[in-house]
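Please keep the sequence and the 3D view open while you read these notes.

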Amino acid sequence: MKNLLAAASLLAALIGPAVSPAAAEDAFKIGLILPMTGPSQSTGKQINAAVKLFMQQNGDEVAGRKVEIILRDDAGVADTTRRVAQELVVKDHVSVLAGFGLTPLALATAPIATQAKVPMVVMAAATSVITEKSPFIVRTAQVMPQVASTMGTWTAGQGIKKVVTIVTDYGPGIDAETWFVKNFQAAGGEIQSSLRVPLANPDFAPFLQRVRDAQPDAVFVFTPSGQGAAFIKQFIERGLDKSGIRLIALGDVTDDDQLNAMGDATLGVVTAGPYSAAHPGAVNAKFVAAFKAANSDLRPNFMAVFGYDGMQAIYDAIKKTNGKGDGSALIEAMKGAAWESPRGPMQIDAKTRDIIQDVYLRKVEKKDGELYNIEFGSVPKVRDPAKPE
Amino acid sequence: MTAALETTNLLRRFGGLVATNDVSMCLARGARHALIGPNGAGKTTLINLLTGVLAPSSGTIRLDGADITTASRSRRVELGLVRTFQINQLFPGFTPLQTVGLAVSRRLGLDRNMWRRIGSDPRVIEGSVDVLERFDLIDVMNRPTATLPYGKQRLLEIAVAIACGPRVLLLDEPAAGVPEGERGEIMDGLAALPADVTVLLIEHDMDLVFRFADRISVLVSGALLLEGTASEVAADPRVRAVYLGDASHG
Amino acid sequence: MSRAENIALAAASLRKVSAVRAAEIAFWLAALAAFALLPDQALLLSEVTITGLFALSLDLVLGYGGIVSLGHAAFFGAGAYAAGLLTKMGVTDPLLGLALSAAATALLGFVTSFLVLRGSDLTRIMVTLAVAVLLKEIANRIPGITGGADGLQGVAPGPVLGIWEFDIFGQVGFGYSLAVTFVLFLIARRFVVSPFGWSIRAVKENQLRTSAIGIPVSRRLIVVYTLAAAYAGTAGALLAQTTQFVSLDVLEFHRSANLMLMLVIGGTGYLYGGLIGALLFKLVQDAIANITPEYWEFWIGLLLVILVLIGRDRIEAIPRALLRRLRGATP
Amino acid sequence: MLTNLFDGLAYGMLLFVMACGLSVTLGLMNLINLAHGAFAMAGGYVTAVLVNRLGVPFFAALPLAFVASALIGLVLERTLYVHVYRKSHLEQVLFSIGLVFMAMSGVSYLVGSEQQFIKLPAFLANRYEVLGVSIGAYRLLIIGVCGVLALVLQLAVARTRFGAQLRAAVDDPVVARGLGIHVDLVFAATFAVGSGLAGLGGALGAEILGLDPTFPVKYMVYFLIVVAVGGSAGMTGPLVAAVLLGVADVAGKYYAPQFGAFIIYALMIVILLWRPQGLFAKAGGR
């Protein structure tokens, strides 16, 4: 025991200098913080793959600066995200923080962005409130109210009168419920009940049984990507489709990443979402092909595009500031930026720094023997309805 | 003069089974009293009743005249009713000094102190050394208990009880499992018990019982068969029949 | 030997138990040196320190009281939320916030201690785990107070002692955490070598004997569980104050489980185990995760397996042998 | 109402098949094996790869999942676990969590971190209405398979020679060894069968519970609940506990969705306070 003590103190004294970073070079460093392990790891992996692809396609030099990505894992734990962000800022002197797989992770880090005046590009977390927490936050992901409200309005327009909502019981789920209900009711719909499923939930059966008992015209669902499949399968298994209940959802549920594996049960499910791998157009075709080629045929999902666009925003800002801009200049450069993304036209709101994008209505269909979310309608330039104009 | 330990019509049922049946015993102060009985006679249940592990179905227990029938286990120890165990119950990671020291601290009411360091009170040290010397454990007082020979551990079992400052001591088969060669140590240890401590010895070893006890109670099927001096008990035909006869077989 | 000699001997060997060893002084000097010389590592070391204090609290319960808990995050989380909410209610003085949070978690510890008095290791593991899960569910259900799944924001403690503001480099946070941990460590160290502390060790060694010498076992366990809860709560409060944020994962199962790993790696029952385990675990994890952010778990897992298979004794023998050789080389 | 009971029964049966091995290893070898869920995950992934990539029929893949997990269990038992039986519970925790970490990372590296779905034969998606109870074919299959397994296990432990040796080894390994029972062999065989059953459970459960690299951690707590509440004596305890847990969980979420997660944990605390050794404890158990 005594020697373990001595050894530990020795180690403590030695390890510091050993892992100290080399002096900062003149590279433009981007601290990419993602959940690479833990329950949200597939989000992290999609974004990381997209970031790599972007660098490969666009080179690692912009406006004379070499761009360097420092990838760190936070396992989806907020205090780790915050600590890692702080370290990236004070030790590695990164110019931009990016990533942020979940809402609390982004919220925990927001004060760091403000304090250090380092732009923070949110590539996944979708709760509306995030961008209001620091003037240095920019979002290239999606905003839950943006998608959910679009869905609410559309649903009411389809002659659907009675709906039961089922959402996962966490920030984005509650956002989705709130905004779907708000727009659906405003358009004259009736909500029979709103169910919330615990995040760590092994079985949807009891919730679906309640839906069956309520016999609504449609059930609206939001679950984080990964849980959607289990939901849809049990929906079918319970025969809810045959009893005339329509299934409508947000894009997360029919995640491109998993759609094929989810099987034919998903055919006909209608969702609203910002991106489909089947989105028409050359930009997306090129993106999907390159992504698949680089990742052993893995299909990119919406997270990948969010990460890809995040890099676009950063690269554009570097160019605009000639590689010399500080944090404030970079943020200024990102405000109002617009480009053609694989998902279609998109823009950063100059005022709210949040995303303005087209929201698509899609239906799962078979194309070339594979399942895709096929777009059949869209609402252009949707802002976050939770933020004042 | 009040008795040191007295039970009146002590009764304990387990469901329909009567494990202790109407036991009334009386131990005078300083007595060397033995309790014998064949296996399953209810000796363990009786000890558990006396020490508060079990509650009696009816009857009373008095210690120096005070009713302790419903007192908690630790309260009984505080009042001076202490026991040893048939199977060693020691602190394997403690040394004999630490073990006895803790018991002495408890006796002196210092065990609730969260700030003094152990060993800083001379009364604890002196008290511990007294006990360790008395039971010939002083040479091994700084060895972890788990490493001591069995006979020494058996002695420590008694020493801890004495360190608690008992007025009445219940010895549960102190010689159980002690190899022949270390038996003398146990006998010496028993002989070294303070004279003013009342002892109730539960034992199988008749040799030990007859050498140690001046009065003997015989328990059969939960009830007292008879009580008397060693020679009276030895001479009683009923005892020979149910117990001694039994013992000579096995 | 004479009685006087025996008494002197006995006194000396009892005093040795609580004597301060050179290695301990070296350990804390190294911690101080780390504070002074490694400003770069302040953030990580601050996290290590807080986790170390948290592990020390588990050591009180497990290493001394013998209660296996896989839900110790309940107290850590409660302390974190208490401290966070206090600053929002206007109690911005960090030390006052710490004291109040500790008191609140002590109360929680006292109440829940009655659940862990009996049962096997597995029973206690499950009961403690369930308490933590229930607390997390409660925190999730009252977003109006805790911020729910989004986390508690706007935690803004004032300067420490009215002088030092928490900075982005984590220097003040580290110094503050280290100082608090050191003081609490001293108290714990004194506590475990007191007669009361020994009676708690006795409970772990043998409950039956402990009650047979007249020590009330349940009451001792209640006290140590309550004290440990206060320590864990303080650690949680430190985290809330230094990171100025509280999220639901302070109550998460993996926090309790990792804590157990760290404590067992460092060794139980001598107070330093938690601190050393936290240091080793976090540093190794951080180092490996920086190299391979995706697959660090594999290597940590491998290290754990190897550690157990080889046995800690044999691993500890290596630095011992090295030290011996060093001493031999420079007599 | 009855539908919920049915769903809960299916869920509980599934938990039983996955957790019974854990219960036996704890009772028999006094081993706390937190990596038990990793064997269930192995079974799930073996099935997913066999069915989805190699086109093996689902019903042929199930026994293969059992065999594969049992083999992995056997190999690990002989090479690694055999060294930790005599170590303390805490070191066993350390060791088995280490294995869990390696398994999660390994699967994520080899197969990827996304959810896996096993392509099931179409008829398993059928649904029958019987006396007002709505019964899903897949859940019926689960109840059938797991029910038969539970029965076979019960009989195997109670009636066969191996079962007798197993019970003897649980009661007192030293005496059992003295009686000429190859305790090591009994250990290895039991461990392998327990792992195999977990694997089979993982394969069957992937459809309902999902399957991704975090599976062992997500469900470990549920397995532990089954073992703690059931007690480690025989097969009856875990079976009753698993079904109770399944039904309570499903019914709780149906009738009181706002308290969904509270119910099982609160129930567990109450049961464990009432019977600290579990519902069916070994007489004088530890």
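Predicted model: local features only at pLDDT ≥ 70, side-chain atom pairs only at ≥ 80, totals over all residues.

1. Start with the make-up of chain D. Its secondary structure amounts to eleven helices and two strands. Along the sequence the order is α-α-α-α-β-β-α-α-α-α-α-α-α.

2. Next, the overall dimensions of chain D. How does the radius of gyration of chain D fit a compact globule? A compact globule of 286 residues would have a value near 19 Å, and chain D has 19 Å, so the two agree.

3. Of its 286 residues, 57% are buried. Now take the contacts in chain D with a separation of 6 or more. Residues 24 or more positions apart account for 78% of them.

4. Zoom in on two helices of chain D. At what angle do the axes of α5(D) and α6(D) cross? Helix α5 of chain D covers residues 137-159, and helix α6 of chain D covers residues 161-171. Their axes come within 5 Å and cross at roughly 75 degrees. Angles of 65 to 115 degrees count as roughly perpendicular, so α5(D) and α6(D) are roughly perpendicular to each other.

5. Here are the residues that make this helix contact. From α5(D) come Ala156(D), Val157(D), Ala158(D) and Arg159(D). From α6(D) come Phe162(D), Gly163(D), Leu166(D) and Arg167(D). By type, the residues of this contact are five nonpolar, one polar and two charged.

6. Now see which chains meet. Four pairs of chains touch, and chains A and C have the most contacts among them. Some chains do not touch. No contact joins chain A and chain B, and their closest C-alpha atoms lie 15 Å apart. Chain B and chain D do not touch either, with nearest C-alpha atoms 15 Å apart.

7. Turn to the contact between chain A and chain C. Chain A gives 42 residues and chain C gives 44 residues. On the side of chain A, the elements that give two or more residues are α1 (2-19), β3 (65-73), α3 (78-90) and α4 (103-116). Which element gives the largest share of that side? It is α1(A), with 13 residues. The side of chain A that touches chain C holds 23 nonpolar, ten polar and nine charged residues.

8. Then take the contact between chain D and chain C. Here 36 residues come from chain D and 30 residues from chain C. On the side of chain D, α4 (89-110), α9 (215-230) and α11 (260-274) each supply at least two residues. The largest share, 16 residues, comes from α4(D). The side of chain D that touches chain C divides into 27 nonpolar, six polar and three charged residues.

9. Find it in helix α8 of chain A, residues 228-237. Is Ala229(A) buried or exposed? There are 26 other C-beta atoms within 10 Å of Ala229(A). A residue counts as buried at 20 or more, so Ala229(A) is buried.

10. Look at what surrounds Ala229(A). Leaving out residues up to four places away in sequence, Ala229(A) touches Gln258(A), Met262(A), Gln115(D) and Phe117(D). Two of these names carry the letter of chain A and two that of chain D. Ala261(A) is 32 residues from Ala229(A) in sequence. In space, the two are 8.7 Å apart, C-alpha to C-alpha.

Note on methods:
Residues numbered from 1 in each chain as written. Chains lettered and ligands numbered in written order. Contact = placed C-beta atoms within 7 Å. Helix = DSSP H or I, 4+ residues; strand = E, 2+ residues; numbered from the N terminus. Nonpolar A, V, L, I, M, F, W, Y, C, P; charged D, E, K, R; others polar. Axes fitted to C-alpha atoms, helices over the stretch in contact; angles between N-to-C directions. Parallel < 35°, antiparallel > 145°, perpendicular 65-115°, else oblique. Rg over C-alpha atoms; globule rule 2.2 N^0.38 Å. Buried ≥ 20, exposed ≤ 12 C-beta atoms within 10 Å, placed from the backbone.
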